[in-house]
Amino acid sequence: MPAPFTYPINPGRILFGPGKLADVADEIRHLGATRALVLSTPSQRAKALALAEQLGPLAAGVFSEATMHTPVDVTSRAMVAYDAARADCVVALGGGSTIGLGKAIAWRNDAPQIVIPTTYAGSEVTPILGQTENGLKTTVRDAKILPEVVIYDADLTLGLPVATSVASGLNAMAHAVEAVYARDRNPVSSMLAVEGVRALRDALPVIVTDPRNADARGEALYGSWLCGTVLGTVGMSLHHKLCHTLGGTFNLQHAETHAIVLPHAAAYNASAAADALRPLADLFGGGIGPGLYDFARSLGAPVALRDLGLKEDQLDLAADLAAKNPYWNPRPVERDAIRALLERAWQGSRPTP
């Protein structure tokens with residue numbers, strides 16, 4: 001018999017399958033909305049405009065200033081655009097930056113959200129918002145933040161660059177790795193986490209060699225959905241604290257930072273959470289830290305924080321911030337040990353078992 005546990009099931013409507021982009025208008029009506037503000041990053045503006053044209057009178061306009069780490073000042077401009085357009089819902093088309101902006105709007109005005117992920121971010125199925133102000137990234141958890149509808153259409157990811165696909169997929173894996181040793185883990189979330197990592201482990205190498213392989217793209221979306229689902233139901237630990245510190249304070253790329261830090265954070269916790277991590281370690285040859293590192297390198301993923309622009313003389317500040325008010329972690333968060341971890345991640349060294 002399993003030990004007693006609590007499993008919070010987040011409400012939401014999931015549409016999965018190729019061609020599902022065609023269902024956006026129906027989903028807007030299903031929400032009882034009539035004027036959707038379409039969100040995107042500047043690079044995705046053309047696609048957002050095309051979607052708005054597809055929606056016709058259901059589109060209230062396009063706001064295409066979403067950027068990584070969800071800066072509060074960008075959200076403020078989006079709120080002005082939302083009110084000016086007399087919108088009554090948002091449609092977020094894109095990756096984590098756009099999804100984060102939609103969630104930031106909803107947290108402030110409870111706007112219904114439809115999310116159409118084009119990467120493997122996973123945040124579309126969580127009630128968690130990370131936002132940055134004055135160089136500090138903080139997180140908020142609230143039911144209003146959880147999107148009401150998520151549409152997974154693998155056709156939209158066929159042109160996703162390989163490098164972005166890999167970094168985004170490893171970012172999704174990070175959610176699942178932390179989920180298996182979370183303080184509030186449960187059998188259901190752990191099962192979803194292992195299956196999510198398995199799907200991404202199988203899909204990403206195929207995407208590297210055959211980027212337009214529709215089956216692999218669908219498998220990767222499936223894996224990212226599962227990994228995002230566990231992110232939304234259990235707490236995160238050291239890995240996410242480190243990445244929030246590095247991203248929010250030093251403005252490092254979100255997915256790439258997660259990809260680089262993941263093997264080192266997993267290795268840090270490997271002995272303290274050996275039983276919980278064993279199913280994942282088995283997927284990567286038996287050693288979770290070295291296995292994840294070798295997998296990332298085989299995909300051509302970045303492995304060194306210095307390659308993202310982090311300076312060596314910034315590591316002390318990063319360690320200080322990461323050790324301050326730490327998230328719960330299965331191994332104690334000790335400043336000097338974190339500094340050593342960051343040094344290895346900065347250099348791109350292979351973690352030791």
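Trainee: At what angle do helix α9 and helix α11 pack, and how far apart are their axes?
Mentor: Two packed helices are described by the angle between their axes and the distance between the axes. Here helix α9 (residues 254–269) packs with helix α11 (residues 288–298) at about 170°, and their axes are 7 Å apart. Axes are lines fitted to C-alpha atoms, for helices over the stretch in contact, and angles run from 0 to 180 degrees between N-to-C directions. Helices are DSSP runs (H or I, at least four residues), strands likewise (E, at least two), numbered from the N terminus. This is a predicted model, where local features need pLDDT of at least 70 and side-chain atom pairs count only at pLDDT 80 or more, while totals for chains, interfaces and linings use all residues. Residues are numbered from 1 along each chain as its sequence is written, and side-chain values use heavy atoms, with hydrogens and water left out.

Trainee: How are α9 and α11 oriented to each other, and which residues make the contact?
Mentor: Angles under 35 degrees count as roughly parallel, over 145 as roughly antiparallel, 65 to 115 as roughly perpendicular and the rest as oblique. The two helices α9 and α11 are therefore roughly antiparallel. Contact means heavy atoms within 4.5 Å; α9 brings Leu-262, Pro-263, Ala-266 and Ala-267, and α11 brings Ile-288, Gly-289, Leu-292 and Tyr-293. By class, this contact of α9 with α11 has 7 nonpolar, 1 polar and no charged residues. For the classes, Ala, Val, Leu, Ile, Met, Phe, Trp, Tyr, Cys and Pro count as nonpolar, Asp, Glu, Lys and Arg as charged, and the others, Gly among them, as polar.

Trainee: Which parts does the bridge between Arg-335 and Asp-320 tie together?
Mentor: In that bridge the closest N and O atoms are 2.8 Å apart. Arg-335 is in helix α13 (residues 335–347) and Asp-320 in helix α12 (residues 315–323), so the pair ties together parts that are 15 residues apart in sequence. Salt bridges that share partners join Asp-316, Asp-320, Arg-335, Asp-336, Arg-339 and Glu-343 into one network.

Trainee: And is Val-91 buried or exposed?
Mentor: Buried means under 20% relative accessible area, exposed over 50%, and partly exposed in between (1.4 Å probe, protein chains only). Val-91, found in strand β4 (residues 89–94), has a relative accessible area of 0% and is buried. Leaving aside neighbours within four places in sequence, Val-91 is in contact with residues including Val-24, Ile-28, Leu-51 and Ile-116. By contrast, Arg-335 is partly exposed at 28%, and Asp-320 is partly exposed at 40%.

How values were computed:
Salt bridge = Lys/Arg side-chain N within 4 Å of Asp/Glu carboxyl O.
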